[in-house]
Amino acid sequence: MTVSKHILLLPGDGIGPEVVAETVKIIEWFSENGPVKFTTSTSLLGGAAYDAVGTPFPEETVTNAKKSDAVLLGAVGGPKWESLPIAKRPEKGLLGIRKELALFANLRPAICFDALADASSLKHNIIAGLDIMIVRELTGGIYFGQPRGVETLPDGTRRGFNTEVYTSPEVERIGRVAFELAAKRGGRVCSVDKANVLECTEMWREEMIKLHQKEYPQLELSHMYVDNAAMQLVRNPKQFDVMVTTNMFGDILSDIASMLTGSLGMLPSASLGIAGTPGLYEPVHGSAPDIAGKGAANPIATILSFAMMLRYSFDLKPEADLLENAVKNVLAQGLRTGDIMQDGMKKVGTKEMGEAILKTLASSKRAAA
Ligand code: NAD
């Protein structure tokens, strides 16, 4: 019996619909040529939802997301909606869907494709072959901790405060995600904290050590202070396999790591909740209003987000490898969208890039037959 999985598409705003449209063709290809039959449906989110139904986060979208096996999001936002009250802005839709699906683990790979190694701001030998995964805790820590606020003191000065807070189950569940990933990769986890200054992250470190000893003694666990980790990411990023860290440290470190490899148009991400709930897959970039509607957007970040979906939501490793290799081959053939354009390469638009990846998939299937 053929296994069937349902993917909810949330194209959103700006270049979102353009990059999702190219990815849908890839999804259809895998549906016809792989072990799993994929069905898709589309729901509204962000500015597009506000325009159609007056809210950036319609109830129907939540219901459809919860019924699906995985969600693929394009991007939300744009100048058209910037003057709306905060509750009506497109970003409310994005935060809303992450919250409703209880996505506590954000996975951001930083992979350097050989063909793009010279586009990095770092030297070729430091960056070539880079393949690291940053796991960021997404629903706790200082971004959500109470108490928080700004108060005026009796002497008229002001005091602003936020609270870094984690419980041991929160540390354990994100730690488990990191160890499980490492088990399928290089077997090494580096936990990043500031245990020398912050009691909360001292507890984080102790819980990571306990979890490691209890459940993953066969894997390697190391620890690094966040300031050193930021430096090491730029000095020698290839020393890492999986890095796991708190919400705020992960926010900063994942941006550093992703920029090691070049354009925003290349960077996928996944956000996962507890087992059995749908994961959310999306490019790291936004809606790029400056190039929206011009057919110039790079669809690779969204296509690689679908490769992550194949790997992490559907356990289809060979299919994920096939898709990632197709992207590598197309880059090696010299095709480039504007954001990754280099001298001597052939500039293509969104559709041509999508079609070239499809063609490469088809020819690798023929070669394997
Ligand atoms: P952005 O990521 O949209 O664009 C930054 C720059 O990168 C632009 O020059 C853009 O043209 C380029 N770029 C981005 N993606 C590209 C792609 N796939 N191909 C080629 N070039 C690409 O960030 P921004 O300009 O700061 O934000 C624009 C809007 O997107 C804002 O409304 C912002 O709130 C929203 N945003 C949404 C998300 C999301 O949906 N997850 C993330 C970030 C920003």
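**Close-up 1. Helices H8 and H9 run side by side in this predicted model.** The axes of helix H8 (residues 226-235) and helix H9 (residues 247-259) come within 10 Å. They cross at roughly 10 degrees. Angles under 35 degrees count as roughly parallel, so H8 is roughly parallel to H9.

**Close-up 2. Side by side, H8 and H9 meet through these residues.** H8 brings Val226, Ala229, Ala230, Leu233 and Val234. H9 answers with Phe249, Leu253, Ile256 and Ala257. By class, the residues of this contact are 9 nonpolar, no polar and no charged.

**Close-up 3. The protein is divided into domain 1 and domain 2.** Domain 1 has two segments, 1-104 and 273-369. Domain 2 covers 114-257. Taken over C-alpha atoms, the domain centres are 26 Å apart. The contact draws 10 residues from domain 1 and 14 residues from domain 2.

**Close-up 4. Area is buried between domain 1 and domain 2.** The size of an interface is often given as the accessible area lost when the parts come together. Here the two domains bury about 980 Å² between them. Carbon and sulfur atoms carry 69% of that area. On the domain 1 side, Phe104, Tyr312 and Gln342 supply 56% of the area buried against domain 2. No other three residues of domain 1 supply more.

**Close-up 5. Salt bridges across the interface of domain 1 and domain 2 number 0.** The rule asks for a side-chain nitrogen of Lys or Arg within 4 Å of a carboxyl oxygen of Asp or Glu.

Technical notes
Residues are numbered from 1 along each chain as its sequence is written. This is a predicted model: local features need pLDDT of at least 70, side-chain atom pairs count only at pLDDT 80 or more; totals for chains, interfaces and linings use all residues. Side-chain values use heavy atoms; hydrogens and water are left out. Axes are lines fitted to C-alpha atoms, for helices over the stretch in contact, and angles run from 0 to 180 degrees between N-to-C directions. Helices (H or I, at least four residues) and strands (E, at least two) are DSSP runs, numbered from the N terminus. Angles under 35 degrees count as roughly parallel, over 145 as roughly antiparallel, 65 to 115 as roughly perpendicular and the rest as oblique. Contact means heavy atoms within 4.5 Å. Ala, Val, Leu, Ile, Met, Phe, Trp, Tyr, Cys and Pro count as nonpolar, Asp, Glu, Lys and Arg as charged, and the others, Gly among them, as polar. Domain bounds come from an automatic or database domain assignment. Buried area is the accessible area (1.4 Å probe) that two parts lose on being put together, summed over both.
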